[in-house]
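Subject: Structure handover

Hello,

Here is the structure we talked about, with the sequence. My notes on it follow below.

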Amino acid sequence: MTSDPIACTTEQCQLGEGTRWDDRRGELLRVDILAGRVYRDEVDADGALVPVRSYQVPGTVAAAAPIHDDQGWLLAANRGFMYLSPNGERRPLVEVAPEGTRMNDAACDPQGRFWAGTLAHDQHPGGGALYRLDRNGHTELVLDDLTISNGLGWSPDGATMYLADSGPGVIHAFNFDPEPGTVSDRRVLVDVPSDVGSPDGLTVDAAGDLWVAIYGGGRIQRYSSDGELRQELFVPAEQTTCCAFGGPGLNLLYVTTATEHWTDEQRRAEPAAGLVYRFNTEATGRPAAPFRPDPTWWATVIS
């Protein structure tokens with residue numbers, strides 16, 4: 001059984017995204033991409049979100065990942081990667097994306113590398129890409145033929161990587177080789193009909209099911225690992241953007257939404273849009289995999 005959606009915030013985000021459970025602190029991470037804000041929230045006993053702190057990043061910030069043996073976060077921001085310390089200090093690491101594009105959704109693989117997608121400002125086909133930041137600071141362009149590179153996730157056994165491309169409305173599956181961090185055998189796992197919406201952020205639960213935010217569809221769709229639609233959860237906000245399990249039992253599904261490109265009049269007319277929602281579920285999620293930097297390289301970053 002799954003509960004009805006419960007609003008957890010009152011602030012309307014422009015482009016709420018990047019929900020992740022940071023189990024170092026027992027906090028939910030999320031961002032507002034267009035506003036350049038990173039949010040940290042604790043989860044109350046009843047699942048309510050209790051604000052801890054927010055940070056302002058110049059430009060855009062698309063995702064945050066916890067860092068192993070470090071109290072800060074790795075960000076996919078603007079056209080590259082950035083370090084954010086708990087006191088709000090920011091240290092740009094490297095730019096990888098070309099002019100006219102920005103970073104989009106990002107996540108770490110089980111080995112601790114950080115993968116981040118991009119999109120062109122005009123969202124033209126082929127303008128998006130997928131980059132990998134290795135543990136030693138090396139960056140690599142992995143895919144360069146995407147439109148809106150979006151949700152990323154790995155199967156519980158680490159053998160499959162999932163990637164949503166919101167432009168054509170598909171979720172790709174790849175064979176994942178953990179040692180070099182490479183992908184192969186690309187195939188379409190899910191093709192979301194355009195009249196339903198587009199796949200956006202996603203998370204993979206402990207049993208291997210994919211929970212996918214459907215942008216423009218006001219819903220979360222739950223798929224089995226072979227692409228079968230198993231469940232739909234409806235959200236009172238058309239621009240449903242991302243989801244992640246959190247809370248002590250990792251059974252609360254937190255969902256971000258947006259009011260992207262809306263006027264103030266539209267936001268006032270639909271006050272339920274742009275908020276964070278939660279569902280109480282019977283599923284069990286997984287915390288965000290942390291970035292695991294090589295200590296020698298990392299010492300040069302934070303020194």
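Is Pro92 buried or exposed? Pro92 counts as exposed, because its relative accessibility is 65%; exposed means over 50% relative accessible area, buried under 20% and partly exposed in between, with a 1.4 Å probe and protein chains only.

Before the rest, the basis: this is a predicted model, in which local features need pLDDT of at least 70 and side-chain atom pairs count only at pLDDT 80 or more, while totals for chains, interfaces and linings use all residues. Residues are numbered from 1 along each chain as its sequence is written, and side-chain values use heavy atoms, with hydrogens and water left out.

Pro92 sits in strand S9 (residues 90–95). Strands (E, at least two residues) and helices (H or I, at least four) are DSSP runs, numbered from the N terminus. Leaving aside residues up to four places away in sequence, Pro92 touches Phe81 and Met82, where contact means heavy atoms within 4.5 Å. Between Pro92 and Ala77 there are 8.9 Å, C-alpha to C-alpha, and the two are 15 residues apart in sequence.

Next, a sheet. Four strands form an open sheet with antiparallel pairing, in the order S1-S24-S23-S22; two strands pair if DSSP finds at least two bridges between them. At the edges are strand S1 (6–7) and strand S22 (240–246), each pairing on one side only. S1 pairs with strand S24 (residues 276–280) over two bridges, in the antiparallel sense. Arg278 in S24 is the bridge partner of Ile6.

Then the pockets. A pocket is an open set of points on a 1 Å grid over the protein atoms alone, where a 1.4 Å probe fits, with protein on both sides within 12 Å along at least five of seven lines; lining residues have an atom within 4 Å of a point. Grid points are joined across faces, edges and corners, and a volume is the space filled by probe spheres set on the points.

- The largest pocket holds about 360 Å³. Its lining has 23 residues, with Cys108, Arg286, Pro287, Ala288 and Ala289 closest to the centre. By class, 17 are nonpolar, four polar and two charged. Strands that each supply at least two lining residues include S2 (16–22), S10 (101–108) and S22.
- The second largest pocket holds about 220 Å³. Of its 15 lining residues, Gln123, Ile148, Asp200, Tyr215 and Glu260 lie nearest the centre. Five are nonpolar, six polar and four charged. S10 and S18 each supply at least two of the lining residues.

For these classes, Ala, Val, Leu, Ile, Met, Phe, Trp, Tyr, Cys and Pro count as nonpolar, Asp, Glu, Lys and Arg as charged, and the others, Gly among them, as polar.

Last, the aromatic rings. The whole structure has ten aromatic pairs; rings of Phe, Tyr and Trp (its six-membered ring) pair if their centres lie within 6.5 Å, and planes under 30 degrees apart count as stacked, over 60 as edge-to-face and the rest as tilted. Trp115 and Trp154 are edge-to-face, because their planes are at 65°, with ring centres 6.1 Å apart. This pair joins strand S11 (residues 114–120) to strand S14 across 39 residues. Trp115 is buried at 0% relative accessible area, and Trp154 is buried at 5%.

Trp211 and Phe245 are also edge-to-face, with centres 5.2 Å apart and planes at 90°. Trp211 lies in strand S19 (residues 210–215) and Phe245 in strand S22, 34 residues apart. Trp211 is buried at 0% relative accessibility and Phe245 at 1%. Ring pairs also link Tyr83, Phe291, Trp297 and Trp298 into a cluster.

Regards
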